[in-house]
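Colleague: Please take a close look at one helix for me. I would like its surroundings as well, in one connected account.

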Amino acid sequence: MKNAVGIVGYGAYIPRYRIKTSEVARAWGWDAEAYRKGLGIQEKSVAARDQDCITLAVEAARRAIRRGGTDPAKIGAIYIGSESHPYAVKPSGTVVSEAIGTTRWIHTADLEFACKAGTEAMYLCSRLIEAGAAECALAIGSDTAQGAPGDPLEFATAAGAAAFIFGREGVVATMDASLSYTSDTPDFWRREEERFPRHGGRFTGEPGYFHHTMTAARRLLEQTGLKVGDFAHAIFHQPNGKFPVRAGQMLGFSKEQCRAGLLSPRIGNVYSGSSPLGLCAVLDAAKPGQKIFMVSYGSGAGSDGFVFTVTDRINEVRGRAPTVEEILSQPTVHLDYTRYARFRSKIAREED
Amino acid sequence: MRDVAIIGIGMTRFGELWEISLRDLMVEACLKAIADAGVDHVDSMYVGCMSSGLFVEQEHLASLASDFLGLGPIPATRVESACASGGLAVRSAFIEVASGLSDIVLAMGVEKMTDLAGDACTAALATAADQDYESFHGVTFPGLYAMIARAHMERYGTTSEQLAATAVKNHANGALNPLAQFRNRITIADVLDSIMVADPLHILDCSPVSDGAAAAILCPLDLAKKIAKKAPVRIAGVGHATDSLALYRRADLTRLPAVERSAQIALQMAKRKPADLHLAEVHDCFTIAEVCVIEELSLVPRGQGGDAARSGLTARDGRSPVNTSGGLKSKGHPVGATGVAQIHEVVTQLRGEAGERQVRNARIGLTQNMGGSGGSSVVHVLEAI
Amino acid sequence: MSTVRVWRERRQRLLNEVAQCKGCGKMHYPPRQVCDGCRGREFETKPMAQSGKVLTYTVIRVAPPAFAQDVPYVVAVIEMDDTTRLTAQVADVAPEEMKMGMKVRLEFRKIRSEGRTGVIVYAHKAVPA
């Protein structure tokens, strides 16, 4: 009887830079207080010029390896989900694999599915382990998301990464169920040669986020036969500070159940890292035996759902790498809009 | 080894010489030196140049020079040691004469830097550092010396004012040098108010980007006494030493061991002590470099180089004149030419031809030419006969 | 910048690999074939220590083309806890916050790229520990 598949190690990375909602509003002459209240986001994390999806992924992956005590040579696959892969051709996973010291005998692929590309990686890794195709598999959701200048998306598009090592040995949280729900819903997209995404405004709400999140969530409950009350923690995708709260309410979860995994008010929407970072924060706080409910959302559109049960081993590994709270309590640097625009290459010196 | 003398020197003006090409710089300096020596032929020549390939896309310089000088099919050799290329050319010529292989050897240094715009010029100069482990990270030349400056300030209390005083002294000397790039006097406030390039070095702590060439004719001392038009100057000592290329590998970041060693070798050969020197031309690529070099030359106790300029010790009329030419800061620093230009100044002084810059009773002088952040150093000790 | 040259040094850049001399114990970054401490030829390769301190630093305000968008930035000579020395930028710190002897650790960062179309070059920078 084989051990259950689950998360063996996890790691988070969030850059130190922030820009406040009020500063973005000031730059464009908008009502700062209205936006802050309406979105439920105080400030968002910003990647520096020397950071990208790959650098964040490497740091998160290294932390996951430390936590799991994993030998990188045992990693058989790396999947990285992002909407900001630095290359259109040349997978982020090749750099990450060399930087964490895996062997060359790995399978790697870059994934994209708007904000659920990270949970896509998790889905694939768990299946790979189940199939016996690898001893360990690394799933990363990493983004340095971009909104066009003057698009209200700029309030939320943030940066960060979360990494999970899946395996059967030394599991800290078993994956008891998973599913994926997909439709063709053009609520948010970015064409191949374009730098910034376009979106359908309010269309991203009901037909996008809520339809897919709720459908996947209800099916997950049916499939597992579990009730909302059986879970200690619930995590949803966090495009702002409001949607995940409403989703939790609609399903019947309490504020307390949703508290640990809700990060968007403090860091914005980390896209492929959004619900995965929420999961890291939950694992930082969860006790052995607790169940975790997680449903992501990616525009385009789809939702991945997971149920985890925390094992005794969580207490052993938690302290081996910085927790999300430890990361968030490091000193941050607040940017004005000009510096933010330079960091994100929205303005730049003329190059030769 | 035979005794070697310098019987002729020549130099172009240093500066932004837009109209003068690399080959014309070489020809001008060499023709002046040949005329100064009064020789009608040369047996061999050495050219010191750091980066003609990057600056003007021209290599094979030695052949180009001997060709355009009409010197005939003589052996011509390019030598390179970053900013010490000129000094290395002189040392190489010395060896060829001292060994008896040749009698009359021309040593020339040249650099043509101003065809490249600022950014590209900085990148070319960065090739003197460790490309893959220093320049790779975006550290520039001023950056490397700035790090030395900060370490020196931390350990010895050297101040920005003291560094500025070094530049002020050198400009005061350069003002009296008709061939210098900058002939304006500056003040300490001018330096401290000037734009910061790499903390704590301001732009006026840094030698400029320049074009120029300098040349010298060497021959055996015995021959010099017969044929020289002007009083020959003997090369009494030559020293050359290397150290780790990269700054980060050095045990003590305030020290330049290659300078200390090359000076010790040269002085030992010359049977002289630092206190015997009447003047020195040292490699002030940045003000901090002069401060550190005079410590390595034992002109001041270790750690006390900072105050040498401000106290007047190294002034033209001080006890230990340094850089009467104006130094690299004021005279200019066409990288490969500098080492030979230093020789030009000391020879001029030892001949008593330095006019308003003349150091009284100058009979023994030293030149110190450095590559990169101290990866190489070439020292010559010269004596009037 | 030649992508081949960058690729060739990948173990030093991506993994911070050093070579420790088996004769005298001196740490070499990058690894080399002859120890400049004892002229030994035998080494053990390993990753360098994770943390260290700043020995000296500067703030670059006039930069070469590849770094022009980043000014001002801090560059330092760093000594790691295992005595390895290296030069690296110091990130996530304001120039006025820099101190001699500051404790740092290494973090994976983008160093440069050839404009918008060239290969991206990764290595490590120091960050305040």
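Modeller: Of the 16 residues in H1(B), 12 are buried, so this helix is largely enclosed by the rest of the structure. Keep in mind that the model is predicted.

Start with geometry. H1 of chain B covers residues 22-37. Its first and last C-alpha atoms lie 23 Å apart, close to the 22 Å expected at 1.5 Å a residue. Gly38(B) follows H1(B), and its phi is positive, near 75°.

Now the buried set. It includes Leu22(B), Leu25(B), Met26(B), Val27(B) and Ile34(B). Ala29(B), Ala33(B), Ala37(B) and Cys30(B) are also among the buried residues.

Chain B is assigned domain 1 (4-117 + 209-233) and domain 2 (139-207 + 236-384). Their centres, taken over C-alpha atoms, are 22 Å apart. Domain 1 of chain B puts 37 residues into the contact, and domain 2 of chain B puts in 35. On the domain 1 side, S1 (4-11), H4 (85-98), S4 (105-112) and S7 (211-220) of chain B each give two or more residues. H4(B) gives the most, with eight. That side of domain 1 of chain B holds 23 nonpolar, nine polar and five charged residues.

Conventions:
Residues are numbered from 1 along each chain as its sequence is written. Chains are lettered from A and ligands numbered from 1 in the order in which they are written. This is a predicted model: local features need pLDDT of at least 70, side-chain atom pairs count only at pLDDT 80 or more; totals for chains, interfaces and linings use all residues. Domain bounds come from an automatic or database domain assignment. Two residues are in contact if their C-beta atoms, placed from the backbone, lie within 7 Å. Helices (H or I, at least four residues) and strands (E, at least two) are DSSP runs, numbered from the N terminus. Ala, Val, Leu, Ile, Met, Phe, Trp, Tyr, Cys and Pro count as nonpolar, Asp, Glu, Lys and Arg as charged, and the others, Gly among them, as polar. The expected span of a helix is 1.5 Å times one less than its number of residues. A residue is buried if 20 or more other C-beta atoms lie within 10 Å of its own, exposed if 12 or fewer, and partly exposed in between; C-beta atoms are placed from the backbone.
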